[in-house]
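Subject: Structure handover

Hi,

Here is the structure for you to look over. My notes follow below it.

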Amino acid sequence: MADTLLDIRGLKTWFKVEDGMVRAVDGVDLHIDRGETVGVVGESGCGKTVTARSVLKLIDMPPGRFEAGQILWQGRDLIPLDQGEMNKIRAREIAIIFQEPMTSLNPVYTVGDQIAEVIALHQKLSPKQAMAGAAEMLRLVNIPNPQKRVHDYPHQFSGGMRQRVMIAMALSCQPKLLIADEPTTALDVTIQAQILELMHEMKDKFGMAIMLITHAMGVVAETCQRVTVMYAGKVVEEAPVEALFADPRHPYTQGLIRSIPRIDRAVSRQARLESIQGTVPSLLNPPAGCRFAARCKYAMDICTQGIPPLKEVAPGHRVACVL
Amino acid sequence: MNAPLAPAEDLLKVRDLRKRFAVRGGIFSRTVDQVHAVDGVSFEIGKGETLGLVGESGCGKSTTGRCILRLIEPSSGEVWFQGNNVTRMGGDELQKLRRDMQIIFQDPYASLNPRLKVGAIIGEALTIHKLAPTQKAMEDRVVQLLETVGLQPDHMHRFPHEFSGGQRQRIGIARALAVEPKLIVCDEPVSALDVSIQAQVINLLEDLQEEFGLTYLFIAHDLSVVEHISTRVAVMYLGRVVEIAPSRELYDNPLHPYTEALLSAVPIPDPTVKRKRIMLQGDVPNPIRPPSGCHFHTRCPIARPDCAQRVPELRESKPGHWVSCHYSG
């Protein structure tokens, strides 16, 4: 596997709280190859964001801690690295964009200053050159009047435009991997379409890999090559995107796909939506055995006894279910 | 369940509804500008029907919903409910009306009083409308309502923070049902929920509609959810209805270029489906100074020079399918 960029092995990121240990990420394996778009999907609290932040070590420690596992970036484990060494990796090698473009930009600096700061920090350029670089990045992400807009503050941009600014900032050092944490969740559909299109363009231009974290199956289907489905801190299924939608093996993935109404099919109205009963279990004291067992319609005795490992059912298609 | 194209009996009629919010500024807080949140909206909802109201943030869909209930006072226009003019009603009449019209809010975390137990939250409406003569009658009714929405009777003794998002939305629904309303305005009832929970709540709303013969005004930005639950759908853009049609018809043959773009922007959860996407340029314009003529002409792929001058009327292009565009349909 010469072209594996990121290889997460058995990662456990836990949080110590008053009542015990929250096992937010509990043994996650995930790998991303060069130039590949991998989707990480799951519902709120399944650990997808914590996984992403663990990669850049953006987790507050304490209360968080790496309990086990490795995060191999081009073969080198990131977990033992100190802040100084991590800063060399951040932005230059791996960059991240967040869900809330308003709260992740600093409101008291112009967007130009903020992008130029990233450029200057990593590329040893004069302030003037860095500012020119910032304007160039804004132009790349299709913000009209970039020369003028670099001097504007975040509140002068709309939600979609702010997300463009975030993307410009993230790409300013041409990272090999872009982690996009719910980049379009706060946006309207027409703006979402623009941003997804932009990410696509940027990918073609810079050839970076993308780790797309989302809860929207539609977004995954349209943008990703491979998908990892998470549930309650664990990976339950991993497959190429066509295989996942054509032949979902894990009952949770099946439920997730079937519970979304689809506008491209005429059946709707008459048919009831398939729903998954119950709610996500607490990660404070997760159930023994398969974490989905309590909501699973196929659950058997064996499901509550041991945690099913990921098994390969077809090339590149792995699932954690006894069935 | 085949929805009638032209409902026999209109439960609710909205005529040329407008709402302007004042923008205040300067040292004397004078009105310096106005936001045209709702700019001449008309539609009707038949008994037992679900009318979906879709559009992007800031298009005025929630304001429309609230004006109907007079939670926000409309600036002009009329709302008729069962032949009575809601916009003219005084205090007592309005209170009686609110027994017939209820609302479910988007955020199940913010819309339940955190200091009241669930029993009190649901029971409050019963007390206000004097529907429970005794404490016992009230408790019985609360238990019955909790069971109707799929919760346990003993949940009445708990506080809202003890529930998950989906369960809280069920509490909100139970509260709306308490007074046996005829119309429920559902304002983004599932947008804050995870997909698997979203499906549970949508199914519940559909079951309740069947059981109690409810009429819904279903406000949402998620087009696939709206298509699923609605009999007819109205699309709003910058305070105006641009198209209104039976649900399937709207999705199969969108006439307004905005509807078309909106539909094509929805990601389809199937990687084998490849569609041509109509990409809209730019953002929704500022509702303080909306574009002249047709509000959509600044982003419209088929706009012609006169679109900036003439305001298009909503006209019936084919039976039941209304569109407001000079050049489409």
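In chain A, the mean positions of the 36 positive and 35 negative charges are 1 Å apart. Lys and Arg count as positive, Asp and Glu as negative; His and the chain ends are not counted. Each charge is placed at NZ of Lys, CZ of Arg, CG of Asp or CD of Glu. Chain B carries 38 positive and 39 negative side chains, with the centres of the two sets 6 Å apart.

Before the rest, the ground rules. This is a predicted model: local features need pLDDT of at least 70 and side-chain atom pairs pLDDT 80 or more, while totals for chains, interfaces and linings use all residues. Residues are numbered from 1 along each chain as its sequence is written, chains are lettered from A and ligands numbered from 1 in the order in which they are written, and side-chain values use heavy atoms, leaving out hydrogens and water.

Chain A

Chain A has ten helices and twelve strands. These are DSSP runs, numbered from the N terminus: helices are H or I with at least four residues, strands E with at least two. The radius of gyration of chain A is 21 Å, close to the 20 Å from the globule rule for 323 residues, so chain A is as compact as a globular protein of that length. (That radius is taken over C-alpha atoms; the rule is 2.2 Å times the number of residues to the power 0.38.) The C-alpha trace spans about 65 × 50 × 40 Å along its principal axes.

Of the 323 residues, 55% count as buried, meaning under 20% relative accessible area with a 1.4 Å probe, protein chains only. Among contacts (heavy atoms within 4.5 Å) with a separation of 6 or more, 65% come from residues 24 or more positions apart.

One hairpin to look at: S1(A) and S2(A), with two residues between them. S1 covers residues 4-17 and S2 residues 20-33; they run antiparallel, joined by ten bridges. Pairing requires at least two DSSP bridges. A:Lys16 has A:Met21 in S2(A) as its bridge partner.

Chain B

Chain B has nine helices and twelve strands. Its radius of gyration is 21 Å, close to the rule's 20 Å for 329 residues, so chain B is also as compact as a globular protein of that length. Its C-alpha atoms fill a box of roughly 70 × 60 × 45 Å along the principal axes. Buried residues make up 53% of the 329. For contacts in chain B with a separation of 6 or more, residues 24 or more positions apart account for 64%.

Best wishes

How values were computed. Buried < 20%, exposed > 50% of the residue type's maximum accessible area, 1.4 Å probe, protein only.
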